[in-house]
Amino acid sequence: MKFFVDTADTAEIKALAASGLLDGVTTNPSLIAKSGRKITEVIAEICGIVEGPVSAEVAGTEYDQIMREAAVLRAIAPNVCVKLPLTPDGLRACKTLTGEGTQTNVTLCFSAAQALIAAKAGATFISPFVGRLDDIGQDGMELIADIVEIYDNYPALTTEVLVASVRNPIHVIAAAKIGAHVATLPPAVLRMLYHHPLTDKGLAAFLKDWAGTGQTIA
Ligand code: G3P
């Protein structure tokens, strides 16, 4: 399973890239707003840190405007993945951009039907939002299972399932068990994956015993 980080905070991205766990980055207009920076600058900086796909989202909703914005975003770096809304104009742009060799991430997916048409439009990634579905009392992970099953039925569909709106490690493990290709994680959730109290307790005991030996290894 690939891990992307869902943030536009370049200090966080640098720190997480050093962990060796990062396969890409996703951003959205809210995360860019939170960074307080110009989208083209922040995406260029992120693309310099991470080799994998860096999702940069258009703000236009009408085809011609989406295509103008996509042209600006994809010119930033070869690893920019243009993020598009799951609307008729967004999917039309997806088809065009995919045909031109640009990576695409279709976002704000909340149903299997939406995921199917995004795949037919040639999306590189589909982003179903599990946390936001859970928030309204629907089972976000059931949607992931449905999409993976549907895509598996049609090997010609090459779209990867990018689990988004991830809120905790339980989401990550459930998505991995289903076989989703990618999870995009807020930095805090990515860090949570390391933790287990028995690891901390065991390490403390080992270090205490080791100190008692008076030895050093290097
Ligand atoms: O970028 C898409 C997504 O991961 C948003 O997550 O937490 O705002 O629902 P959230």
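Predicted model: local features only at pLDDT ≥ 70, side-chain atom pairs only at ≥ 80, totals over all residues.
Reader: In which strand does L108 lie, and is L108 buried, partly exposed or exposed?
Author: Most residues other than glycine have a negative phi. L108 has a positive phi of about 65 degrees although it is not a glycine, and L108 lies in strand β5, which covers residues 103-109.

Reader: Where is S165 placed, and does S165 count as buried or exposed?
Author: S165 has a positive phi of about 55 degrees although it is not a glycine. The place of S165 is in the loop between β7 (160-163) and α9 (169-178). Since buried means under 20% relative accessible area, and S165 has a relative accessibility of 11%, S165 counts as buried.

Reader: Which word describes how α4 is set against α5?
Author: Helix α4, made of residues 63-74, packs with helix α5, made of residues 88-99, at an angle of about 45 degrees, and their axes are 9 Å apart. Angles under 35 degrees count as roughly parallel and those of 65 to 115 as roughly perpendicular, so α4 is, relative to α5, oblique.

Reader: How many nonpolar, polar and charged residues does the contact of α4 with α5 have?
Author: The crossing of these helices, α4 and α5, is right-handed. On the α4 side, Y63, I66, M67, A70 and R74 meet D89, G90, R92, A93, T96 and L97 of α5. Sorted by class, the residues in this contact are 6 nonpolar, 2 polar and 3 charged.

Notes
Residues numbered from 1 in each chain as written. Heavy atoms only, no water. Helix = DSSP H or I, 4+ residues; strand = E, 2+ residues; numbered from the N terminus. Buried < 20%, exposed > 50% of the residue type's maximum accessible area, 1.4 Å probe, protein only. Axes fitted to C-alpha atoms, helices over the stretch in contact; angles between N-to-C directions. Parallel < 35°, antiparallel > 145°, perpendicular 65-115°, else oblique. Left-handed = near helix turned anticlockwise from the far one by under 90°. Contact = heavy atoms within 4.5 Å. Nonpolar A, V, L, I, M, F, W, Y, C, P; charged D, E, K, R; others polar.
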